[in-house]
Structure formats: structure tokens, C-alpha cells
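User: I would like to learn how to read a protein model feature by feature. Please take the general idea first and then the case at hand.

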Amino acid sequence: MNKKIAIIPIIVIIGIIAAVSQMGGETTQTETVEIETVEEIDATITIPVKAARPACGPHPECYIPSYYVTKVDEPVIWLNEDSAFHSVTSGSYEEPTDLFDSGHMDPYGIFTYTFEEPGMYPYFCTLHPWMAGNVKAER
Ligand SMILES: [Cu+2]
């Protein structure tokens, strides 16, 4: 698995217990802080930059790797490294299936799917007909 960097907004709740001596009691303050952290993600399959261009720009594959063998019950993680929206949608552009669909993935967005049955699973991008890949799930 490749280590990939993704920016993930995280909401952190910070509870502060402040002792207020003047009042002789204790008050509780809760603060909500939104921070952006850069976190390492073990992406299984990445969507490369310029994948929105026909033939996926300089890349030989639109999903890297475009053929991936996984184990049943092991999550597969797609990471969109492009600056354009993409999707990971089961089936083909001509014949989508309704097994899974990431919807429009933001830049640096991730999508996770866990295959429950062995088999060959083609998928594609609803926005770019030339983007296609296959996952083979084995026991
Ligand atoms: Cu796409």
C-alpha cells in the first residue's frame, strides 16, 4: 500500500474546566475548534493528477493501479489526488451497477468500499468515460 498524504478537516472538541475562585465554584466551558491536519492515509488506489484529461493526461492508468487484487472483507481505499472531481462507481460507463458509488469526490477526497463476495468488480468515473478500473476480490 502506498502512503499518501491527504488533508482532513477534523472537528476537535476541547473541554475546559475553569475553576472560578471568585464565585467559589466550578464552571465548565466547551470550545469547538476546527483544525486542518495533514494525515497519512494508506490509500490502496489513487486517482492521479490530470485524470480529468482524456487518456488521463501523462498517466498510463486513470486509477493507479487500474487492476487491484484485494481480500474479501478488507477495505479498499481510493484517494483523489487530482484537482478535479471524480467518482468511483461500480459497473461501466455504459452499464453502471448499483453496488457502490462514491458520488463526486473532492480533491484529496477518499472513498472506501469493502467487498463482501469474491469476484471481479469493474468500476468507472461518472464524469470521465475514459476512466475505468477493476478490483478483484478473493477469499
Ligand atoms: Cu473522473
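User: What is the average pLDDT of the chain?

Analyst: pLDDT is the predictor's confidence in each residue, from 0 to 100. The chain averages 84, and 73% of the residues score at least 70. Where pLDDT is low, the predicted coordinates should not be read in detail. Over residues 10-21 the pLDDT stays under 50. The model has 22 contacts beyond four places in sequence for residues 10-21; two residues are in contact if their C-beta atoms, placed from the backbone, lie within 7 Å.

User: How many helices and strands does the chain have?

Analyst: Both are DSSP runs numbered from the N terminus: helices are H or I with at least four residues, and strands are E with at least two. Here there are 0 helices and 10 strands. The pattern along the sequence is therefore written β-β-β-β-β-β-β-β-β-β.

User: Which strands make up the open sheet, and in what order?

Analyst: Strands of a sheet pair through backbone hydrogen bonds, either parallel or antiparallel. Two strands count as paired if DSSP finds at least two bridges between them. In this chain, an open sheet of 3 strands has the order 3-5-8, with mixed pairing. Strand 3 and strand 8 are at the edges with a single partner strand each, so one side of each has no neighbour in the sheet. From one strand to the next, the twist averages 20 degrees; axes are lines fitted to C-alpha atoms, for helices over the stretch in contact, and angles run from 0 to 180 degrees between N-to-C directions. Strand 5 and strand 8 are antiparallel and share 5 bridges. Proline 75 stands opposite threonine 114 in strand 8.

User: In which sense does strand 10 pair with strand 4, and in which with strand 9?

Analyst: With strand 4 (residues 67-71), strand 10 pairs in the parallel sense over 5 bridges. There, tyrosine 68 has valine 135 of strand 10 as its bridge partner. With strand 9 (residues 119-124), strand 10 runs antiparallel, joined by 6 bridges. Phenylalanine 124 has alanine 132 of strand 10 as its bridge partner.

User: Which side chains of strand 10 are buried?

Analyst: A residue is buried if 20 or more other C-beta atoms lie within 10 Å of its own, exposed if 12 or fewer, and partly exposed in between, with C-beta atoms placed from the backbone. Side chains alternate along strand 10 (residues 132-138). Over the whole chain of 139 residues, 24% are buried.

User: Which residues have the most contacts inside the largest nonpolar core?

Analyst: A nonpolar core is a set of buried Ala, Val, Leu, Ile, Met, Phe, Trp, Tyr and Cys residues joined through C-beta atoms within 7 Å. The largest one has 22 residues, and those with the most contacts inside it are Trp78, Met131 and Val135. At least two residues of this core come from each of strand 3 (45-47), strand 5 (75-80), strand 8 (110-114), strand 9 and strand 10. Beyond its neighbours within four places in sequence, tryptophan 78 has contacts that include Ile45, Ile47, Ile110 and Phe111.

User: Where does the chain have a cis peptide bond?

Analyst: The bond joins isoleucine 64 and proline 65, with omega about -5 degrees. Proline 65 lies in the loop between strand 3 and strand 4.

User: Is alanine 55 buried or exposed, and what is its phi?

Analyst: Alanine 55 counts as exposed because it has 12 C-beta neighbours inside 10 Å. Its phi is positive, about 65 degrees, although alanine 55 is not a glycine. Alanine 55 is in the loop between strand 3 and strand 4. Tyrosine 108 also has a positive phi, about 70 degrees, and is not a glycine. Tyrosine 108 is in the loop between strand 7 (96-101) and strand 8, and counts as partly exposed because it has 17 C-beta neighbours inside 10 Å.

Methods:
Residues are numbered from 1 along each chain as its sequence is written. This is a predicted model: local features need pLDDT of at least 70, side-chain atom pairs count only at pLDDT 80 or more; totals for chains, interfaces and linings use all residues.
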